[in-house]
Amino acid sequence: MMAEPWQALRLLLAILLTLMALTYQARKKTFLSVQEVTAIENYAKDSLQWITDQYNKESDDKYHFRIFRVLKVQKRITDHLEYHLNVEMQRTTCQKPETTNCVPQEGELHKQVNCFFSVFAIPWFEQYKILNKTCSSD
């Protein structure tokens, strides 16, 4: 009868160690796949639209910006998707919130920004989050 408490304690210790190992593994990001994809891939296209909307919401500029060139799209797959997006955005002739028939500004109102976005994405639930954003103006 004396062995039963020790067995219970050993079982409890084993469970505790397993939970600690699982917690550590959950924090460690293991990519199952990393690949360059085209901008017209469904989820990449959704992510590009989402970052454009976010950029315009956060921007104090009274004009709408639009992606005019996608330089690179990389998809990383874990338990979610991560998109690493390099884009060229330009200020358009449309003032916010207008987005129809927008062409790039010319002359002194011309502005171009090159941006890198790292986006956490669960597009099938329409969940996105910017993990990293770096933009520089020309």
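These legends go with a set of close-up views of one predicted model.

**Figure 1. The five-stranded sheet, seen as a whole.**
This is an open sheet, and its strands line up in the order β1-β2-β3-β4-β5 with antiparallel pairing. Strands β1 (33-36) and β5 (127-137) sit at the edges, and each has a single partner strand, so one side of each has no neighbour in the sheet. On average, neighbouring strands are turned by 30° against each other, direction ignored.

**Figure 2. Strands β2 and β3, side by side.**
Let's zoom in on one pairing. Strand β2 covers residues 63-77 and strand β3 covers residues 81-95; the two run antiparallel and are joined by twelve bridges. As a reminder, strands of a sheet pair through backbone hydrogen bonds, either parallel or antiparallel.

**Figure 3. Helix α2 on the sheet.**
The strands here follow the order β1-β2-β3-β4-β5. Helix α2 (residues 42-58) packs on this sheet and touches β2, β3, β4 (112-122) and β5. Its direction makes about 135° with that of β2.

**Figure 4. Trp 50 against Tyr 128, a stacked pair.**
The structure holds two aromatic pairs, and this view shows the one formed by Trp 50 and Tyr 128. A pair like this is described by the distance of the centres and the angle of the planes. For Trp 50 and Tyr 128 those values are 5.3 Å centre to centre and 25° between the planes, which makes the pair stacked. Trp 50 belongs to helix α2 and Tyr 128 to strand β5, so the pair ties together parts that are 78 residues apart in sequence. Both Trp 50 and Tyr 128 are buried.

**Figure 5. Tyr 55 against Phe 65, an edge-to-face pair.**
Here the ring centres of Tyr 55 and Phe 65 are 5.4 Å apart and the planes stand at 65°, so this pair counts as edge-to-face. Tyr 55 comes from helix α2 and Phe 65 from strand β2, ten residues apart. Tyr 55 is buried, and Phe 65 is buried too.

**Figure 6. The Cys 94 to Cys 102 disulfide.**
Now for the sulfurs: the structure holds two disulfides, and bonded cysteines, counted along the chain, follow the pattern 1-2, 3-4. In this view Cys 94 and Cys 102 are bonded, with their sulfur atoms 2.1 Å apart. The torsion about their S-S bond is about -110°, so this disulfide is left-handed. Cys 94 has a relative accessible area of 6% and is buried. Cys 102 counts as buried as well, at 5% relative accessibility.

**Figure 7. The Cys 115 to Cys 135 disulfide.**
Another disulfide joins Cys 115 to Cys 135, with an S to S distance of 2.1 Å. Its S-S torsion is about 115°, so the disulfide is right-handed. Cys 115 lies in strand β4 and Cys 135 in strand β5, so the pair ties together parts that are 20 residues apart in sequence. How exposed or buried are the two ends? Cys 115 is buried, with a relative accessible area of 3%, whereas Cys 135, at 32% relative accessibility, counts as partly exposed.

Terms used. Residues numbered from 1 in each chain as written. Predicted model: local features only at pLDDT ≥ 70, side-chain atom pairs only at ≥ 80, totals over all residues. Heavy atoms only, no water. Pairing = 2+ DSSP bridges. Helix = DSSP H or I, 4+ residues; strand = E, 2+ residues; numbered from the N terminus. Axes fitted to C-alpha atoms, helices over the stretch in contact; angles between N-to-C directions. Contact = heavy atoms within 4.5 Å. Phe/Tyr/Trp six-rings, centres within 6.5 Å; stacked < 30°, edge-to-face > 60°. Buried < 20%, exposed > 50% of the residue type's maximum accessible area, 1.4 Å probe, protein only. Disulfide = S-S within 2.5 Å.
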